[in-house]
Amino acid sequence: MSENYATVNPCSMCMPMGSVMAFKGIEGCMPIFHGSQGCSTYMRLHLAHHFREPVDIASSALSEKGAVYGGAANLKKGLLNVIQGYSPRVIGIATTCLAETIGDDVVQIAKEFQREEPHARDVAIIPASTSSYSGSHEEGYNEALKAIVKTLAKRSRSNARFNLVIGSIISPAEVRYIKSMLEDWGCGFDYTLLPDISETFDAPLAATYLKIPEGGTPLAEINEMANSRETLTVGGSVWGGGAGDYLEKEFGVHHTVLPLPIGVEQTDRFVGKLEEITDLGLPEKYERDRGRLLDAIVDCHKLVAGVRTAVFGDTEMALGVAKLLCEMGMDPRVIATGSKNAEFVRRGEGLTPGSEVLSGVDFSEIHEAVARNDIELLIGPFTGRQISKAENIPLLRVGLPNHDRFGASRQMVLGYEGTTGLVDEIANTIVEMNERDR
Ligand code: SF4
């Protein structure tokens, strides 16, 4: 892991930003940041540029006075404004660095507010502790998911449903794909998918503006997650202590964790687990998709073999893409993430001998690794574009954030179908690279 004490061009984002991705995936939820106003402005802009959707995030707008005397009054006023302006069913409170540093007890403030304000009694309030100096947006996302089930899931009568927790940030199109896969599988409504950003971050054009977008995981389903027979987390394999672990520890709901279904083997593991949970075989459509993925890999194998590639970005996404590159016969020489995570390093080093696996690094360190390893292709978020320009290496944009290209909400790299699209994109990028070099 990196031991630098200064970050130059970070390869990860703010912890509260990750919490927004979780909060916006539940029905009727409005997030508020307890801290200075700039934090919510920065993250609203960041997410709106990526998803090209309006993203409202309230702020308790702490000033110097709040920082010295405590921010309870500001937070209570902010919560009241949110209730009056947005009529939410749920409010997710994420703390920023300032609120954590002054040590405000947000859980206690929220309880007091609900006692004092009759308007607030029907609104669920979910506090999540997300100071950016203690983690990345990935940890903020996980922390918020855990806070959601901690606040809303209630033990009553056991049911036959299963929980599907999306353990790392994926696109709205990918969530839609997983849902349609479960429908094709005949799962009907027997599962709860958390968080469901399929509509909230990628809504159709509408004549009237909705302050809180439609969609998200229904609250009644989250209440029932404590009674489900099993939880499957996809994409949470390097982070422990998330929503699934909480449900297992508190309510005895059996928990399985899998990596993101990118590539042949990891998607096989995902569908294998679905077969086990549902006791139903893989629908034929997906058998054929699997065959098409293998065909796509065979088609381009001579072109892509041995291409030295640097993959960076979110932990699960970077590991999933690196695994696919191994399946394609490519050389993922550098695998990097901005989050600090020892399991990422262990898993990355196990993929292919000789790769440099870097965790907790910024883009200046990734740039050095790219130069050291004579990299030919970059795969990761648009934030790697400066390396691409400086080294004249193509960058295939995958993952969050992507501000300078359209369609980030509809990017699909999951499952047999999504991976096939990614294989084609990789091959075409290499074709263009070779043409340019000629
Ligand atoms: S690092 Fe802290 S202060 Fe800066 S934007 Fe993120 S949460 Fe706010």
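This is a predicted model: local features need pLDDT of at least 70, side-chain atom pairs count only at pLDDT 80 or more; totals for chains, interfaces and linings use all residues.
Started with who touches whom between domain 1 and domain 3: I get 9 residues of domain 1 in contact with 15 residues of domain 3.

Checked the bounds next. The domain assignment of the protein chain puts domain 1 at 15-152 and domain 3 at 284-437, with domain 2 (162-278) listed between them. I took the centres over C-alpha atoms, and those of domain 1 and domain 3 sit 34 Å apart.

Then the area. About 1100 Å² is buried between domain 1 and domain 3, and carbon and sulfur atoms account for 49% of that. Which residues of domain 1 lose the most area to domain 3? I found His50, Arg52 and Glu138, which together make up 55% of what the domain 1 side buries.

The rule finds 0 across the interface of domain 1 and domain 3. Polar contacts are another story: 9 residue pairs turn up across this interface, both partners at pLDDT 80 or more.

Where on domain 1 does the touching side come from? I noted helix 2 (37-51) and helix 7 (137-152) as the elements that give two or more residues to it. Helix 2 supplies the largest share, 4 residues.

My tally reads 5 polar, 2 charged and 2 nonpolar.

Wrapping up the page: for domain 1 against domain 3 I have 0 salt bridges, 9 residue pairs in polar contact and about 1100 Å² buried.

Note on methods
Residues are numbered from 1 along each chain as its sequence is written. Side-chain values use heavy atoms; hydrogens and water are left out. Domain bounds come from an automatic or database domain assignment. Contact means heavy atoms within 4.5 Å. Buried area is the accessible area (1.4 Å probe) that two parts lose on being put together, summed over both. A salt bridge is a side-chain nitrogen of Lys or Arg within 4 Å of a carboxyl oxygen of Asp or Glu. A polar contact is a pair of N or O atoms within 3.5 Å; within protein, one must be able to donate a hydrogen and the other to accept it, and residues adjacent in sequence count only if both atoms are side-chain atoms. Ala, Val, Leu, Ile, Met, Phe, Trp, Tyr, Cys and Pro count as nonpolar, Asp, Glu, Lys and Arg as charged, and the others, Gly among them, as polar.
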